[in-house]
Amino acid sequence: MTNLINNLGIILYATLIYTTPLLYAALGSCFSEVSGVVNIGIEGMMTAGAFTGTVVAYFTGNPWIGFLCGGLAGAFFGMLHAIATVRLGADQTIAGTAINMLGPGIVIMIAKVMFNSTDTIPLEASMKIPRLFRGVFDTSTVFGRFMDNVFANYASTYLVFLAVAVVWFVFYKTRFGLRLRACGEHPQACETLGINVLRTRFLCVCMSGFLSGLGGACVTMAISTQFRPISIVGQGFIAIAAVIFGKFRPQGALLGCLLFGFCSGLKVVLGGSSGIDMQLISMIPYAITVIVLILFVGKSRVPAANGKPYIKSK
Amino acid sequence: MIRKKSFLDAVAENRFIHTILSIVLGFLVGAVFLAVMGLSVGEAYGRLISSVTSLKGFSYVIVYSIPYVVAGLSVAFSFKTGVFNIGAEGQFVVGAMAAAVVGILAGGLPKLVLIPLCFLTAMIAGAIWGVIVGFLKTRWGINEVLSMIMFNWIAFYLSNFIAGIPAIHSDGTAEATKNISENASTLFSKEFINSLGLAPTFNWGFLVAIAATILVWFIIEKTTLGYELKAVGSNKFAAEYGGINVNRSILTALAISGALAGLAGALQLMGMGSRISVFSSQEGFGFAGIVVALMGCSNPFGVLLAGVFYGALVFGGSKLNLVGAPTQLINVIVGTVVFFIAISTIFRYLKYLKKAPKQPVAAKKEKEADKA
């Protein structure tokens with residue numbers, strides 16, 4: 001029993017650790033996709049945020065300025081994507097692929113010049129995103145240890161769950177949200193009703209970059225302490241998958257990210273205790289995602305105008 | 001009113017010229033980055049050019065290009081048929097792994113049997129990996145981009161797992177498989193390579209890549225199958241109305257695209273790597289294939305050129321650190337090239353440069369507004 005509670009605590013801790021960056025990026029992806037712009041550049045925007053966040057935190061000593069700047073770096077690449085896809089009617093897949101090359105390319109090059117290495121200098125504990133409720137729970141008892149594992153988590157984790165609620169509210173309870181969703185379904189109809197489709201989409205794509213940047217910053221400022229070229233390997237794509245999994249809704253993306261995070265948490269515990277080959281265990285999150293899709297989720301309806309550039313006629 | 005076609009008009013409308021302009025702009029942006037970092041542009045680009053123009057350097061470029069060309073063909077084929085094969089990465093990995101397993105376990109077979117067998121298993125493995133995703137889509141309506149992302153990682157871990165199986169794993173301490181049998185290698189003979197002073201990994205895989213290019217062009221442009229696949233790609237509903245079985249077309253397209261990616265994996269293994277290492281992150285040949293397909297405008301011969309260009313940049317880029325420039329410069333250049341290809345509509349404004357003075361001002365203003 002003690003063992004079980006311990007393990008469960010570790011699994012939940014790992015779940016939250018894995019889920020947080022994915023969830024930021026997935027919320028970002030929601031903004032862009034729902035407004036009608038395919039954004040496969042999430043990965044590149046996350047990398048930009050991961051690097052900028054940790055570098056700014058290192059030089060200012062303040063994790064929150066770093067975290068914010070990570071988001072802004074992501075937003076910068078989001079803006080590039082928006083200029084190309086929204087203003088210039090570019091093919092969204094091509095532009096996104098370009099962002100995925102430019103983001104890592106530029107920041108790793110800057111790292112090389114600044115630090116004479118592709119890795120940044122590790123952050124000190126005070127420069128990292130703080131963990132809340134540290135030492136509140138008595139870790140000498142089993143229950144206390146469980147609570148400590150689950151609730152003494154990084155502030156960024158608490159923030160992202162708050163962000164899900166905010167995004168849900170914006171999407172479904174505000175005028176902007178209604179317009180945003182309409183732009184992804186039928187931009188021509190929006191325009192006739194006086195909604196500025198281009199501006200709405202532009203904002204949404206920048207927002208997706210900002211949130212992805214925050215997600216990237218979580219990886220290097222909370223989970224790890226430094227930026228390395230392998231800090232962001234595929235999380236951006238997993239976030240996109242989570243959004244498709246969640247049928248392009250923020251609450252669905254939350255479920256997708258949690259499922260993936262939980263399976264990754266399971267991997268941590270299984271990898272330590274069972275005799276199964278680590279490589280096979282590592283497949284679990286990906287395999288389970290596919291199986292859950294087949295069994296419970298099924299077809300995901302893509303917003304009708306998703307991927308189609310909107311050209312404003314005169 | 002019909003305007004006479006001027007030189008600028010031709011420039012403004014030709015996609016090939018757009019790509020060339022994008023490449024020029026990519027190098028310009030790369031130069032700006034070099035200058036900002038305080039490095040000599042001439043020295044870096046000089047190194048880049050000198051390292052790929054010697055005979056030995058060029059032979060390196062050719063062998064580097066092989067997997068990029070074939071992976072690019074895989075993605076280009078999928079684009080033509082309306083599917084976005086972001087799963088080329090996984091298909092590449094299972095293809096390389098399948099070729100490695102055959103090349104190690106059936107190493108006793110003569111060259112004439114073993115090499116085609118390796119190619120065939122790699123292509124079947126890649127095709128299966130593609131068809132699974134297609135089946136999930138046609139049977140349960142599961143978004144192919146999602147399942148491809150998942151299957152890329154499953155392939156990655158599967159390859160690492162198989163590399164650890166005792167019959168395949170290296171006898172030494174290396175975290176890799178055994179080397180494939182000599183009989184499965186596509187390398188030219190040592191005497192031939194040494195006598196010309198070529199790259200030690202110079203292999204005849206490039207002939208396969210050229211053959212694949214012609215074959216893909218033939219399938220797309222000259223066969224009924226290609227016509228059907230293209231029809232489904234451009235309008236699924238019209239194709240169905242016209243009597244084409246859409247689901248079967250999607251499966252066929254993914255099978256062919258997957259087989260090409262698998263072949264790319266086999267070519268890389270049998271010519272360059274000769275064994276599979278246990279990696280900590282994806283190698284990215286499939287993702288590079290997407291970039292190559294985009295640079296080649298999804299045209300098979302365009303892909304061939306783009307693949308060689310990409311191979312040259314990757315090889316030349318690996319020499320950049322000799323002059324103190326970061327290798328990552330290559331990603332910035334290629335990223336910029338792809339970005340300008342995406343927004344190549346801006347090159348249309350070129351035709352306003354000469355005539356009709358009102359429009360260039362408006363176009364310019366719009367461009368400036370976009371930049372701001």
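1. Chain A of this predicted model contains 12 helices and zero strands. Read from the N terminus, its elements run α-α-α-α-α-α-α-α-α-α-α-α. The radius of gyration of chain A is 20 Å, close to the 20 Å given by the globule rule for 314 residues, so chain A is as compact as a globular protein of that length.

2. Along the principal axes, the C-alpha atoms of chain A occupy a box of roughly 70 × 50 × 35 Å. Of the 314 residues in chain A, 52% are buried. When contacts in chain A between residues at least 6 apart in sequence are considered, 77% of them link residues at least 24 apart.

3. The contact between the two chains draws 40 residues from chain B and 43 residues from chain A. On the side of chain B that touches chain A, the elements that supply two or more residues are α7 (144–163), α13 (285–295) and α15 (329–342) of chain B. What is the division by class on this side of chain B? There are 26 nonpolar residues, 13 polar residues and one charged residue on the side of chain B that touches chain A.

4. Within chain B, helix α5 (residues 88–105) packs with helix α6 (residues 111–140) at an angle of about 145°, and their axes are 8 Å apart. The crossing of α5(B) and α6(B) is right-handed. From α5(B), the contact is made by Gly90(B), Gln91(B), Val94(B), Gly95(B), Ala96(B), Ala98(B), Ala99(B), Val102(B) and Gly103(B). The partners on α6(B) are Leu117(B), Cys118(B), Thr121(B), Ala122(B), Met123(B), Ala125(B), Gly126(B), Trp129(B) and Gly130(B).

5. The class composition of the contact of α5(B) with α6(B) is 11 nonpolar, seven polar and no charged residues. Glycine counts as polar in this scheme, and the residues in this contact include Gly90(B), Gly95(B) and Gly103(B) of α5(B) as well as Gly126(B) and Gly130(B) of α6(B).

6. Leu28(B) is part of helix α2 (residues 15–36) of chain B. Is Leu28(B) buried, exposed or partly exposed? Leu28(B) has 13 other C-beta atoms within 10 Å; a residue counts as buried at 20 or more and as exposed at 12 or fewer, so Leu28(B) is partly exposed. The C-alpha atoms of Leu28(B) and Val41(B) are separated by 9.9 Å, and the two residues are 13 residues apart along the chain.

Note on methods
Residues numbered from 1 in each chain as written. Chains lettered and ligands numbered in written order. Predicted model: local features only at pLDDT ≥ 70, side-chain atom pairs only at ≥ 80, totals over all residues. Axes fitted to C-alpha atoms, helices over the stretch in contact; angles between N-to-C directions. Helix = DSSP H or I, 4+ residues; strand = E, 2+ residues; numbered from the N terminus. Left-handed = near helix turned anticlockwise from the far one by under 90°. Contact = placed C-beta atoms within 7 Å. Rg over C-alpha atoms; globule rule 2.2 N^0.38 Å.
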